[in-house]
Amino acid sequence: MILTVLDDSPAALDVLAFAQSLGQPVEAVTFGGGDPDDLAKRGVSTLHRITSDELADYAPAASGEALLRLIEQVRPDGVLAVSSDRVTEAMAHAATLARLPLATNCVEVTTGDPWLLTRVRGGGMLLEEAELTADVALLTIAQGVSGEIGAGPVASCEVREFTPELTATQARVVERTSRGSGMTLATAPVIVSGGRGVGSADGYAVLEELAKRLGGVVGCSRVATNNGWRPHSDQVGLTGTKVTPELYLACGISGATQHWVGCMDSKVIMAVNTDPEAPLVRRANYAVIGDVHEVLPAIVKEIDSRSKT
Amino acid sequence: MEVLVCVKRVPAPGAKVPLTDDQTEIDTRYLGHTIGPHEECAVEEAVRIVKAHGGSATVLAVGPAAADEQLRYAIAMGADRGVLVDVGDAELDPEATAAAISHAVGDTRYDLVLFGTESADASHYQVGIRVASALGVPIVGGIKGLELDTAVDDGAVSLRREVADGVEVYRLPLPAAAAVKEGLNLPRYPSMPGRLKAKKARIDVVPYTPEPGGLRKVRLRQPNDDREEAIVLGHGADAAPAVVDVLTQIGVIA
């Protein structure tokens with residue numbers, strides 16, 4: 001049996017379908033949440049729901065401990081988890097407590113002894129083929145895996161509440177502030193992003209202008225953050241935010257691998273750069289060869305003149 | 001305040017990530033090496049903490065003898081001393097890496113142990129958690145804000161991290177550990193006196209023979225990059241009409 005650790009993100013359904021394609025019965029576990037009717041439609045007949053007063057607000061080590069107690073009880077052959085920050089952290093705690101290995105960000109999985117895996121390194125820079133030898137295979141599944149067709153629907157999905165005794169409760173959320181409803185890099189349909197070629201903090205004004213007209217937000221490369229031109233929260237890339245907008249407009253960004261892996265899943269990439277050989281210019285869908293401060297004002301002007309007519 | 005920072009020597013790839021002939025490592029003959037960005041922020045934070053609260057910052061790397069370079073870089077940034085756990089050239093799995101760090105720490109008591117949330121190359125997301133568990137201290141990852149409170153008995157640390165819908169704050173009693181992310185601070189460039197100090201600094205070398213864990217790397221491969229060459233829409237300001245045509249066509253202009 002394969003146990004899938006799900007959250008309420010759309011990626012969880014991909015992980016479920018991916019797990020079902022391995023050809024073993026699949027059960028689901030959530031930290032609260034989970035819709036049994038929907039899971040029944042997707043062929044899952046058992047939902048383990050971890051509930052505990054100790055987990056009323058998120059506690060990383062306690063979540064891992066709870067997960068491990070469930071694993072010990074239901075004894076799956078493997079555990080496939082979504083790769084959100086929280087679930088990855090909980091899986092790492094569970095693996096640590098159990099003294100088991102953990103393979104994170106897997107994209108290909110073959111069960112067996114050992115399990116054969118392909119996992120993503122460096123946010124997508126490289127793929128690693130690996131062997132996992134363990135009593136229970138613990139894996140997180142990278143975002144963007146495409147699930148093969150899952151199992152057929154079942155009549156109903158039984159919800160089993162699981163309330164373990166927890167001891168690892170030292171680290172827990174003590175305070176929480178919510179973000180406003182504003183658009184973020186993660187949600188914006190358009191990102192106008194600037195790098196070294198923008199030249200200065202003030203140089204971003206024209207990117208802001210264009211982003212406003214396209215209903216998007218401004219992003220940046222690591223160079224811009226390191227120069228203090230933009231806050232780190234604007235940074236796209238391996239160590240910033242991984243983005244998937246409809247349009248990623250890269251302005252004066254040469255496109256080192258660390259940046260590329262943060263924007264490569266954008267639907268359309270357009271690059272503006274003086275260097276026709278820049279890696280991002282070659283990898284983009286569309287390119288304009290030229291200086292950001294000549295090209296962008298002209299685009300803004302063109303949009304404005306068309307909207308008048 | 002005694003602070004330990006764990007860093008990793010990683011290749012510094014540019015636009016391409018070449019592999020060795022046997023496809024088990026990144027070919028670094030023409031690349032440099034660096035400390036991962038998350039860990040560079042961890043070093044910076046440790047240096048700032050020691051400046052504000054006294055004590056010392058120790059930086060530790062598990063890796064080949066050449067990781068000496070990364071330890072000296074951290075000392076040039078302001079760390080006080082370095083520990084190199086020499087395990088040779090082969091890349092260790094996360095269980096073995098954590099065991100190597102725990103071995104080197106031994107009975108030394110640190111008030112705060114800092115890691116990067118994940119290494120820049122292997123991205124396992126777990127070494128910090130495994131070490132913290134072995135040392136018996138609590139840990140939270142993904143940290144972008146850190147504040148020490150020395151007014152309470154043994155001290156405490158507030159840790160802040162960004163989540164999808166906002167920010168969450170943890171408060172841990174010391175000793176504690178945190179796995180941090182870039183954005184925590186803006187790391188300094190080493191000063192000239194810092195570099196001179198680092199050149200002469202003593203690095204403690206701890207030999208260690210690792211026991212492999214259950215995850216074994218077989219080989220690396222490049223992801224498929226079957227993108228077509230970009231369509232060049234034009235040069236300079238003259239390209240604007242063609243650009244706006246495309247923007248309209250893909251539906252980002254109404």
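**View 1. The two domains of chain A.** In this predicted model, chain A is divided into domain 1 (2–162) and domain 2 (190–308). The centres of domain 1 of chain A and domain 2 of chain A, taken over C-alpha atoms, are separated by 36 Å.

**View 2. Contacts between domain 1 and domain 2 of chain A.** On the domain 1 side of chain A, four residues are in contact with six residues of domain 2 of chain A. The size of an interface is often given as the accessible area lost when the parts come together. For domain 1 and domain 2 of chain A, about 340 Å² is buried between them, and 75% of it lies on carbon and sulfur atoms. Zero salt bridges are found across this interface of chain A. One residue pair in polar contact is found across the interface of domain 1 and domain 2 of chain A, with both residues at pLDDT 80 or more.

**View 3. Buried face of helix 6 of chain B.** Helix 6 of chain B covers residues 240–249, and its buried residues are B:Ala240, B:Val243, B:Val244, B:Val246 and B:Leu247. These buried residues fall within an arc of 160° when seen down the axis of helix 6 of chain B, so they line one face of the helix.

**View 4. Packing partners of helix 6 of chain B.** In chain A, the buried residues of helix 6 of chain B pack against strand 13 (247–251), strand 14 (268–273), strand 15 (286–289) and helix 9 (292–308). In chain B, they pack against strand 13 (231–235).

Note on methods
Residues are numbered from 1 along each chain as its sequence is written. Chains are lettered from A and ligands numbered from 1 in the order in which they are written. This is a predicted model: local features need pLDDT of at least 70, side-chain atom pairs count only at pLDDT 80 or more; totals for chains, interfaces and linings use all residues. Side-chain values use heavy atoms; hydrogens and water are left out. Buried means under 20% relative accessible area, exposed over 50%, partly exposed in between (1.4 Å probe, protein chains only). Helices (H or I, at least four residues) and strands (E, at least two) are DSSP runs, numbered from the N terminus. The arc is that of the directions from the helix axis to the C-beta atoms. Contact means heavy atoms within 4.5 Å. Domain bounds come from an automatic or database domain assignment. Buried area is the accessible area (1.4 Å probe) that two parts lose on being put together, summed over both. A salt bridge is a side-chain nitrogen of Lys or Arg within 4 Å of a carboxyl oxygen of Asp or Glu. A polar contact is a pair of N or O atoms within 3.5 Å; within protein, one must be able to donate a hydrogen and the other to accept it, and residues adjacent in sequence count only if both atoms are side-chain atoms.
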